Amino acid sequence: MTERSWWGWGTTDRELRDDECVAAAAGLPGLPARPRPVPSLPDLPAPRVAVPASLSVSTTPFARASHALGKAYRDVVRALTGDVGAPPDAVGSPRSEADVVALLDWAASAGVAVVPFGGGSSVVGGVEFRGEGPWLSLDLTGLDRVLEIDRVSRAARIQGGALGPVLEDQLRPHGLTLRHFPQSFEFSTLGGWLATRAGGHYATLHTHIDDLVESMRVVTPVGISESWRLPGSGAGPSPDRLFLGSEGTLGVITEAWMRLQDRPRFKASASAAFADMTAAMSAVRAISQAALYPANCRLLDPGEAALSGAATTGECVLVLGVESAFHPVEDRLSELLDLVRDSGGSIAPPSQGSGPADAWRSTFLRMPYVRDGLARMSAVVETFETACTWDRADELYATVRAEVAAAVEEVTGAPGMVNCRFTHVYPDGPAPYFTVIAAGRPGSELAMWDDVKVAAMEVLGRLGATITHHHAVGRDHRPGYDRQRPEPFAAALRAAKAALDPAGVLNPGVLIDPV
């Protein structure tokens, strides 16, 4: 059976070999000749609290270590040195909603912090407890069933701990799909997507998990909240909106009715090249405003296109894809390509599995493992994503690249790589996603990463762009989130926290300061 990595992304069989780590870092100067070894489980302190035998928990070293951190670069670097901070004193493994209630009741009475945990793929410090005292990691993957399917309304009631592949495997025999495929799909859960307002792979239309929610059932320390199943409602503020994006601070999402799609039968794709980002952005804006809704509309700047192997001569690359469960899509793709040509794009000839789209897709799925390999070589790797309106997109792209590149050179002493791609596009603006890769100094990687992170957060805030489009807030993005949200809303959020979690045990420090 394939084993999840306790320290890095994904599964152990897909970790980069030592020679692959060296090859991945070949263009970066001054790095070690050999990568750090894959770490063994560190020695952990004894649990600081005794959990009643009636509760379903684990205290094995593997369970505690693998739930201590998320999968951000800083988490990987610390794990490589055997530093897992203060690991959870126990890992809860509920198999039913009643188990969740029992674990929360005990934690509140014992003063034990509870950090909900889905697949553990957080890259913003969302599943790591940084406070004092004992804590419980609440692993929800035992709640992984599709409980009910309403084929007439095309919806399903699904437990919050269902990992992406587990969920889709249960929907496939019915010809249905949730159609939500983030990069973390294999290692993230429905409840995690809802709690972080995740964005899926698809670039337009129903891409955020918010759009797919019909109703939610949430266990809070003061009771269970369950909204009605409705296609829409104007009855006051939405109960679901209170918990969407709450990141485990207000309650534990145990079930949700989700809107489904028929599985697509017709698909077509193409790619195009542009001489510069200004022309490419013009094409993407025209596409986003034409109501043609491509499933994929991924714009890669020259650096990103070269990194993924989608281009080799300095051009920007636009990857397009369309799909439908009901109708052939060639005419729609043809309309999209007309818009591309109108903006000066050059359409690539059809490929048989080795074109720009295939190169980018392969790199996209492999990149988290490459990131871990680069971390083993002491490279500094950061990704951050944002969103802005189209009138500011050119300025944001140029300013972020210039200022973050300057910060990277100042911090590391050498130029680094600052690439960008558009992951999602809307009629009123894009979601740029930046990748930073630079040579670090062994032993100083975390300090360098922190400095680059602060620089990126500062420039996004100054430009009025969101601190996160789909990676959530967690603990790492708190300064940017505090700057972005209105103070009256912050006061209301603090009041909701006090009302729903009076003991303050749920994910303390995320979104708001701990009680």
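User: Are Phe129 and Trp135 buried or exposed?

Analyst: Both Phe129 and Trp135 are buried. Buried stands for a relative accessible area under 20%, exposed for over 50%, and partly exposed for the values in between, using a 1.4 Å probe and protein chains only. Before we go on, please note that this is a predicted model, in which local features need pLDDT of at least 70, side-chain atom pairs count only at pLDDT 80 or more, and totals for chains, interfaces and linings use all residues. Residues are numbered from 1 along each chain as its sequence is written, and side-chain values use heavy atoms, leaving out hydrogens and water.

User: What makes Phe129 and Trp135 an aromatic pair that is tilted?

Analyst: Rings of Phe, Tyr and Trp (its six-membered ring) pair if their centres lie within 6.5 Å; planes under 30 degrees apart count as stacked, over 60 as edge-to-face, and the rest as tilted. Phe129 and Trp135 are 5.8 Å apart centre to centre, with 45° between the planes, so they pair and fall in the tilted class.

User: Why is the pair of Phe181 and Tyr202 called edge-to-face?

Analyst: Their ring centres are 6.1 Å apart and their planes stand at 65°, so the pair is edge-to-face. It links distant parts of the chain, 21 residues apart: Phe181 is in the loop between strand S7 (176-177) and helix H6 (190-196), and Tyr202 is in the loop between H6 and strand S8 (213-220). Helices (H or I, at least four residues) and strands (E, at least two) are DSSP runs numbered from the N terminus. Ring pairs also join Phe181, Phe185, Trp193 and Tyr202 into a cluster.

User: How do you know that Phe181 counts as partly exposed, and which label does Tyr202 get?

Analyst: Phe181 has 23% relative accessibility, which lies between the two cut-offs, so it counts as partly exposed. Tyr202 has a relative accessible area of 11%, so it is buried.

User: What makes Arg229 sit over the ring of Trp257?

Analyst: A charge sits over a ring if NZ of Lys or CZ of Arg is within 6 Å of the ring centre and within 35 degrees of the ring normal. The charged end of Arg229 is 3.8 Å from the centre of the Trp257 ring. Arg421 likewise lies over the face of Tyr433, at 4.2 Å from the ring centre.

User: Where is Asp89, and why is Asp89 called buried?

Analyst: Asp89 is in the loop between helix H3 (73-80) and strand S2 (90-92). Its relative accessibility is 1%, so Asp89 counts as buried. A polar atom of its side chain lies 2.9 Å from the backbone nitrogen of Trp135. Contact means heavy atoms within 4.5 Å, and the contacts of Asp89 beyond four places in sequence include Arg48, Arg64, Pro134 and Trp135.

User: How do you know that S3 and S4 pair?

Analyst: Two strands pair if DSSP finds at least two bridges between them. S3 (residues 113-117) and S4 (residues 135-139) have 5 bridges in the parallel sense, so they pair.

User: What makes a nonpolar core, and which residues touch the most other members of the largest one?

Analyst: A nonpolar core is a set of buried Ala, Val, Leu, Ile, Met, Phe, Trp, Tyr and Cys residues joined through side-chain atoms within 4.5 Å. The largest has 45 residues, of which Leu299, Leu318, Val400, Val404 and Phe422 touch the most other members. A second, separate core has 35 residues, including Ala156, Val213, Leu500 and Val510.

User: What makes the phi of Glu247 worth a look?

Analyst: Most residues other than glycine have a negative phi. The phi of Glu247 is positive, near 55°. Glu247 is in the loop between helix H7 (239-243) and strand S10 (252-259). With a relative accessible area of 9%, Glu247 is buried.

Methods:
Polar contact = N/O pair within 3.5 Å; in protein donor to acceptor, adjacent residues only side chain to side chain.
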